[in-house]
Amino acid sequence: MEHTKTSADASHVVTPSLVLPASAGPAGTTEVTTAAAFSPDVLAKLAELEKHSAQHEKDLQPRNTSDSYAADWKQWEEFCALLELPVTAITPGSLTAFVEWLWFQPGWKKGTCTVPSTIDRRLSGVVVTGRTDHHLVLDKTVAARARRVLKAKVGRGAAGDRRPRCSPSTWAPPWSPRPRAGSASATAPSG
């Protein structure tokens, strides 16, 4: 069976490098550009521009956005530690499980859960941080399934379904082979 690459594969972690223009051939052609198409001086200038533009982008990001994304990544690290996943395992499935986990996390006010808008922003923070700080190559739709699940959960709430009491200690993914706290299999004696 041939191994297919996913966004969590180590082979998809890329070192920041020079992204070459789409065409360096004669005007009107669509030949693929290679580094050989440019002189060493041009490559050095392009690499310097790439480095400075990436830093400039970070410098222009509002501080509250940077702070929020840092908090989002911290929550992601906690979640990944719970499931014993590497933090670079950003996949549709892991992000969906993250939504499920966040749904039961306490909110800012005592007795409340994390609000859906914060969960959605945490998805963005994880994906953006994975791309920018960890240089992951992630599909632009990597969080789409997780957002659909979140939207469905919000819809159920609008239809009158209530969230159970927010308690991170009782959370387990619905598809987890581990028994959920409070279930009959979790409390049944073994053996």
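Asp67 and Arg63 form a salt bridge, with 3.6 Å between their closest N and O atoms. The model shown here is predicted. Both residues belong to helix H2, which covers residues 63-83. They sit four residues apart there, so about one helical turn separates them. How open are the two partners? Asp67 is partly exposed, because its relative accessibility is 41%. Arg63 counts as exposed, because its relative accessibility is 67%.

A second salt bridge links Asp72 with Arg121. Here the closest N and O atoms are 2.6 Å apart. Asp72 lies in helix H2, whereas Arg121 lies in helix H4, residues 116-132. The pair therefore ties together parts that are 49 residues apart in sequence. Asp72 is buried, with a relative accessible area of 0%. Arg121 is partly exposed, with a relative accessible area of 29%.

Asp72 has another partner in Arg122. The closest N and O atoms of this salt bridge are 2.7 Å apart. Arg122 lies in helix H4 and Asp72 in helix H2, so this pair ties together parts that are 50 residues apart in sequence. Is Arg122 buried or exposed? Arg122 counts as buried, because its relative accessibility is 11%. Through shared partners, the salt bridges join Asp72, Arg121 and Arg122 into one network. The count of salt bridges comes to six.

Now look at helix H2 itself. H2 has 21 residues. From its first C-alpha to its last, H2 reaches 30 Å. That is close to the 30 Å expected at 1.5 Å a residue.

Which residues of H2 are buried? They are Tyr69, Asp72, Trp73, Gln75, Trp76, Phe79 and Cys80. These residues cover an arc of only 165° around the axis, so they lie on the same side of H2. The other side of H2 has exposed residues: Arg63, Asn64, Lys74 and Ala81. Arg63, the salt-bridge partner of Asp67, is thus one of the residues on that exposed side.

What do the buried residues of H2 pack against? They pack against helix H3, residues 92-103, and against H4. Asp72 is one of these buried residues, and its salt bridges with Arg121 and Arg122 also connect H2 with H4.

Finally, follow the chain past the end of the helix. Just after H2 comes Glu84, with a positive phi of about 55°.

How values were computed:
Residues are numbered from 1 along each chain as its sequence is written. This is a predicted model: local features need pLDDT of at least 70, side-chain atom pairs count only at pLDDT 80 or more; totals for chains, interfaces and linings use all residues. Side-chain values use heavy atoms; hydrogens and water are left out. A salt bridge is a side-chain nitrogen of Lys or Arg within 4 Å of a carboxyl oxygen of Asp or Glu. Helices (H or I, at least four residues) and strands (E, at least two) are DSSP runs, numbered from the N terminus. Buried means under 20% relative accessible area, exposed over 50%, partly exposed in between (1.4 Å probe, protein chains only). The expected span of a helix is 1.5 Å times one less than its number of residues. The arc is that of the directions from the helix axis to the C-beta atoms. Contact means heavy atoms within 4.5 Å.
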